[in-house]
Amino acid sequence: MNQQSIQNELNNSLCYNSDYVTLNKREMPKITNLSNKIERQLPGELVTFIQRAGKTAASQGQGLYFVGGVVRDLLLGQANLDLDLVVEGNAIELAQQLAEINQGKITTHPRFNTAKLQWNKWSADLTTARSETYAKPGALPTITPGSINDDLFRRDFTINAMAIELNPSRYGELIDRYEGRDDLKHKLIRVLHEKSFTDDATRIWRGLRYEQRLDFQLEPTTLKLLKRDIPMLDTISGDRIRYELECILQEEFPEKVLRRAEELDVLKWLHPSLKGNGWLTEKFVQVRRISSPNPPPVGLYLAILVYPLTSEETEPLISYLRLPKSSAQTLRDTINIKAKLPALANPELSPSSIYRLLHGYSLQAVTANSLACDSPAARQHIRLFINKLRYAKPALTGNDLQKMGIAPGPQIKEILKLLLEAGLDGKVTSKQGEVELVEGWISKGKE
Ligand code: ATP
């Protein structure tokens, strides 16, 4: 299907543009100028940058626009310093010129005709305006250079499909072909056309993320389409789903998105045993409490999310999402520690036994278990390990032991381990005490 027929289908089936077109015929469309908002909400340095960038682009006959999240958030009055710029022309060339003017540096992706510009503490992403078509559901799109209108039509939701003109002659003018502003006003998440989720089912997760972040609602037709297209999630690579999951886990309240995903049967598409329930909410709140004032680590959230799974269920999920080695290890550790909880719940457990049970696992996995386990005794033991036992070290070193006549080799490691355990259980409390203990072992060995 070509661009024009997609556009026609959009106009006919969902009528987003028909009112707008009629309105245009009767009267001039109302022009909304957002230059005041830009000046009020963006730091002065960035305002100077975009004005200069707009002028530079215009001097070469190129159009320059703010697009996506930054436009949405300007209209919502929320801070967003992720500057996404679309160039009708050549993004890489413009970025090179702007890098010279601002003494910045650029990273380019010639294949996609995009560039990232960084200067002082700021950065901006420049993309060449393009249209996208999908050869088959879930495939990466075929990209061809296009106009700003093509570029807006390829976007996920109306609230993300607005642009602001940055060229001096129309500086600050809002381009809103799909009534995104109206949807912002009515707090609605709406796709641009009926095939949106089929083309790219990651938009299902994105839709839930925006809905929950902004406290909006999926517009009824969009909700219907989303439900219809849930099976299309199977057309998406695990890498792309992992990216979406990571974005969700970086939200302020990820549990809201996961809860909604469970309600709409999206979560079970990731794995049938995952839960977006009250338990998860309670645990995520605790993750935030213990991480504050730092942002909660995504790996810890993920370990809690995966907690209800068995080891047999976790492995396929790790492979599907192609998790990096360390995240995969955290999940495996989490599930392995979970299997040790009955032992950790024994109230008679000595500190050295607690140490033996938990030593060597990733700290995030241990922490996940301290939050997620049901047994107060196990929790107390895990906390003791996190807060104290894991830092313990014998006073004597391998060198000290060699000086005492012990031959280098595995014996040294074994003695250090025994010293550590004696220290943990309070059987020895000083360096001198350790020396005496070792001397005792040596003379016993000689007998
Ligand atoms: P956030 O506030 O989460 O950063 P954002 O709107 O800046 O949101 P990005 O993921 O950075 O989101 O994407 C930038 C823009 O690119 C979006 O606003 C949207 O217009 C478009 N976009 C991103 N992913 C998709 C997609 N899968 N399908 C269509 N458009 C997309």
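Helix H10 (202-214) contributes the most to the shell around the ligand, with 6 residues; helices here are DSSP runs of H or I with at least four residues, and strands are E runs of at least two, numbered from the N terminus. Helix H5 (69-76), like H10, supplies at least two shell residues. The model is predicted, so local features need pLDDT of at least 70 and side-chain atom pairs 80 or more, while totals for chains, interfaces and linings use all residues. Residues are numbered from 1 along each chain as its sequence is written, and side-chain values use heavy atoms, without hydrogens and water.

The shell holds 15 residues, the closest being Arg72, Arg155, Asp200, Arg203 and Arg213; a residue belongs if one of its heavy atoms lies within 4 Å. By class, 10 are charged, 4 polar and 1 nonpolar, where Asp, Glu, Lys and Arg count as charged, Ala, Val, Leu, Ile, Met, Phe, Trp, Tyr, Cys and Pro as nonpolar, and the others, Gly among them, as polar.

Polar contacts are pairs of N or O atoms within 3.5 Å. Among them are these:

| Side chain | Ligand atom | Distance |
|---|---|---|
| Asp200 | nitrogen | 2.8 Å |
| Arg209 | oxygen | 3.0 Å |
| Arg213 | oxygen | 2.6 Å |

Alone, the ligand exposes 590 Å², of which the protein buries 78% (Shrake-Rupley method, 1.4 Å probe).

Aromatic pairs, with ring centres of Phe, Tyr or Trp (its six-membered ring) within 6.5 Å, number 7. Phe157 and Tyr210 have centres 6.1 Å apart and planes at 75°, so they are edge-to-face (over 60 degrees; under 30 is stacked, the rest tilted). Phe157 lies in the loop between helix H7 (148-153) and strand E8 (163-165) and Tyr210 in H10, so the pair ties together parts 53 residues apart in sequence.

Technical notes: A polar contact is a pair of N or O atoms within 3.5 Å; within protein, one must be able to donate a hydrogen and the other to accept it, and residues adjacent in sequence count only if both atoms are side-chain atoms.
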